[in-house]
Amino acid sequence: MSKSASGVNVGPVRIYTDGACKGNPGPGGWGAVLQMDGEEKELFGGEPQTTNNRMELTAVIRALELLERPCQIEVYTDSQYVQKGISEWLLDWKRRGWRTADKKPVKNVDLWRELDRLAGLHRIAWHWVKGHSGHPENERADALANRGVEELSH
């Protein structure tokens, strides 16, 4: 992604993410669209045996991993699990030693820990968008996630 002469990323970075799974668990894919300063980057991947929630989290993690410096970021996801998890539940999970309110271990704790670490490097606003409602970048992220699933069988 581009940087100003001072080496600092300019303008907000917009990240649109989605995850997909054929069967849950089953083969899964993730996709992300990053936009900054008029540039765009698409990324996707897949795993042979996973869940939809893991793919939703992985999409955001992979996008954040691309950023080389602290940024102001707008993340758009159609996953309430990701949006509420990072915005509402995470602090309580950490306070309880990565346990839910009913004292069960948090699912996908490896990915939540990594997302928490990466998110801590940036200033991020988390936005939920309704999936499959014609939001252009969300539809592209969905198509990339499905491409991640399809490429597993090649």
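This is a predicted model: local features need pLDDT of at least 70, side-chain atom pairs count only at pLDDT 80 or more; totals for chains, interfaces and linings use all residues.
Me: OK, so which residues of α1 are buried?
Reply: In α1 the buried residues are M55, E56, L57, T58, A59, V60, I61, A63 and L64.

Me: And how far does α1 reach from its first C-alpha to its last?
Reply: With its 14 residues α1 reaches 20 Å between those two atoms, which is close to the 20 Å expected at 1.5 Å a residue.

Me: Switching to the largest nonpolar core, which members touch the most others?
Reply: That core has 32 residues, and those touching the most other members are I15, L64, L67, I73, W112, L115 and W126. At least two core residues come from each of β1 (13–21), β2 (26–36), α1 (52–65), β4 (72–77), α2 (80–95), α3 (109–119) and β5 (123–128).

Me: Which of those gives the most?
Reply: It is α1, the helix you began with, which contributes 7 residues to this core.

Me: What is L115 in contact with, neighbours in sequence aside?
Reply: Once the residues within four places in sequence are set aside, L115 is in contact with L57, V60, I61 and L64, and also with I86 and W126.

Me: What other core lies apart from the largest one?
Reply: There is another core of 5 residues lying apart from it, and its members include V33, Y76, V129 and L144.

Me: New topic: how many aromatic pairs does the structure hold?
Reply: The structure holds 4 aromatic pairs. In one of them, the ring centres of Y81 and W112 are 5.3 Å apart with the planes at 70°, so this pair is edge-to-face. The pair links distant parts of the chain, since Y81 sits in helix α2 and W112 in helix α3, 31 residues apart.

Me: Are those two buried or exposed?
Reply: Y81 is buried at a relative accessible area of 17%, and W112 is buried at 0%.

Me: What about W93 and W112, why is that pair edge-to-face?
Reply: Planes over 60 degrees apart count as edge-to-face, and the rings of W93 and W112 have their planes at 70°, with centres 5.1 Å apart, so they fall in that class. This pair also links helix α2, which holds W93, to helix α3, which holds W112, across 19 residues. Both W93 and W112 are buried.

Me: Which residues do the ring pairs link into a cluster?
Reply: The cluster consists of Y81, W89, W93 and W112, linked through ring pairs.

How values were computed
Residues are numbered from 1 along each chain as its sequence is written. Side-chain values use heavy atoms; hydrogens and water are left out. A nonpolar core is a set of buried Ala, Val, Leu, Ile, Met, Phe, Trp, Tyr and Cys residues joined through side-chain atoms within 4.5 Å. Buried means under 20% relative accessible area, exposed over 50%, partly exposed in between (1.4 Å probe, protein chains only). Helices (H or I, at least four residues) and strands (E, at least two) are DSSP runs, numbered from the N terminus. Contact means heavy atoms within 4.5 Å. The expected span of a helix is 1.5 Å times one less than its number of residues. Rings of Phe, Tyr and Trp (its six-membered ring) pair if their centres lie within 6.5 Å; planes under 30 degrees apart count as stacked, over 60 as edge-to-face and the rest as tilted.
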